[in-house]
Each structure stands twice: as structure tokens, then as C-alpha cells.
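Student: Please take a close look at a single part of this model. I would like one connected account of its geometry and its surface.

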Amino acid sequence: MARPKGSKNKARTVKASVDYVAVIAEKAAKKEKIESEVATLTANLDDLKTQLKAKKAELKAATKELAKAENKKAAAEAKKGEAEDVLKKLLASGMTAEEILAKLQ
């Protein structure tokens, strides 16, 4: 005769009832904590966005000032070069330095 599969003397476990109220409360607390962290991060992000906007405006103003200064420097160098050319022409034509200074004043 064939033996039946499995033991009839097997220990049976009684499944414990799950306390769904406690599980729900735990999950709700976890959800609220995550929501508060998201709100905090969103506030920080908004603050950082406003700071970034202000810094970009400062950078734009500084860039404009730098461009103006570079243009003024280039203009001054051009005037200096032109003055040197005029001075060389005057000296080559036979004028003395005293005569040139007298004309400038």
C-alpha cells in the first residue's frame, strides 16, 4: 500500500490576525513625514530660485560694466595712438617739443 504524501502529524500554525489600524496609522505617519519633507524642499528650492535670479541679474550688470570699461579703454588707447602719431609728424616736420607744448596749452 502506498504511503500518503505529507505527514498527518505536521504542526499547524495559526495565522495571527493583523492589526490593520496600527499599520494604517504607521503608513499615514510615514506619508505625513514625507509630505513635510517635500514641502520643506520645495520652499528651499523656491528660495534658491530667487537667489539664482538675483545673482544672474548681478552678473548681467557686471558684464555690462566690464564691456563699458573695455570700450573706454580701447577708445583711450586709440586716442593715445593718434596723439603719438600727430606728435611724431610734428617732430618730423621740425617743430620742437616746447613749440608743441605751447600749442597744446
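Tutor: Start with Glu35. Its relative accessibility is 43%, so Glu35 counts as partly exposed. This is a predicted model, so keep that in mind throughout. Glu35 forms a salt bridge with Lys31, and the closest N and O atoms are 3.7 Å apart. The cut-off for such a pair is 4 Å. The structure holds 1 salt bridge. Lys31 has a relative accessible area of 52%, so Lys31 is exposed. Why do Glu35 and Lys31 sit about one helical turn apart? Because they are 4 residues apart in helix α1. An α-helix has 3.6 residues a turn, so residues three or four places apart point the same way. Side chains of opposite charge can pair when their charged atoms come close.

Now the helix itself. Helix α1 covers residues 20–92. Its 73 residues should span 108 Å at 1.5 Å a residue. The end C-alpha atoms of α1 are 105 Å apart, which agrees. Gly94 follows α1, and its phi is positive, near 110°.

Next, the surface patches. Val18, Tyr20, Val23 and Ile24 form a nonpolar one, with about 400 Å² of accessible area together. Ile24 lies in α1. At 57% relative accessibility, Ile24 counts as exposed, because the threshold for exposed is over 50%.

A positive surface patch is formed by Lys60, Lys64, Lys68 and Lys72. One of them, Lys68, also lies in α1. Its relative accessibility is 58%, so Lys68 counts as exposed.

Technical notes
Residues are numbered from 1 along each chain as its sequence is written. This is a predicted model: local features need pLDDT of at least 70, side-chain atom pairs count only at pLDDT 80 or more; totals for chains, interfaces and linings use all residues. Side-chain values use heavy atoms; hydrogens and water are left out. Patches are made of residues with over 30% relative accessible area and no salt bridge: like charges are joined within 9 Å, nonpolar side chains (Val, Leu, Ile, Met, Phe, Trp, Tyr) within 5 Å. Accessible areas come from the Shrake-Rupley method with a 1.4 Å probe; for residues, only the protein chains shown count as cover. A salt bridge is a side-chain nitrogen of Lys or Arg within 4 Å of a carboxyl oxygen of Asp or Glu. Helices (H or I, at least four residues) and strands (E, at least two) are DSSP runs, numbered from the N terminus. Buried means under 20% relative accessible area, exposed over 50%, partly exposed in between (1.4 Å probe, protein chains only). The expected span of a helix is 1.5 Å times one less than its number of residues. Lys and Arg count as positive and Asp and Glu as negative; His and the chain ends are not counted. The place of a charge is taken as NZ of Lys, CZ of Arg, CG of Asp or CD of Glu.
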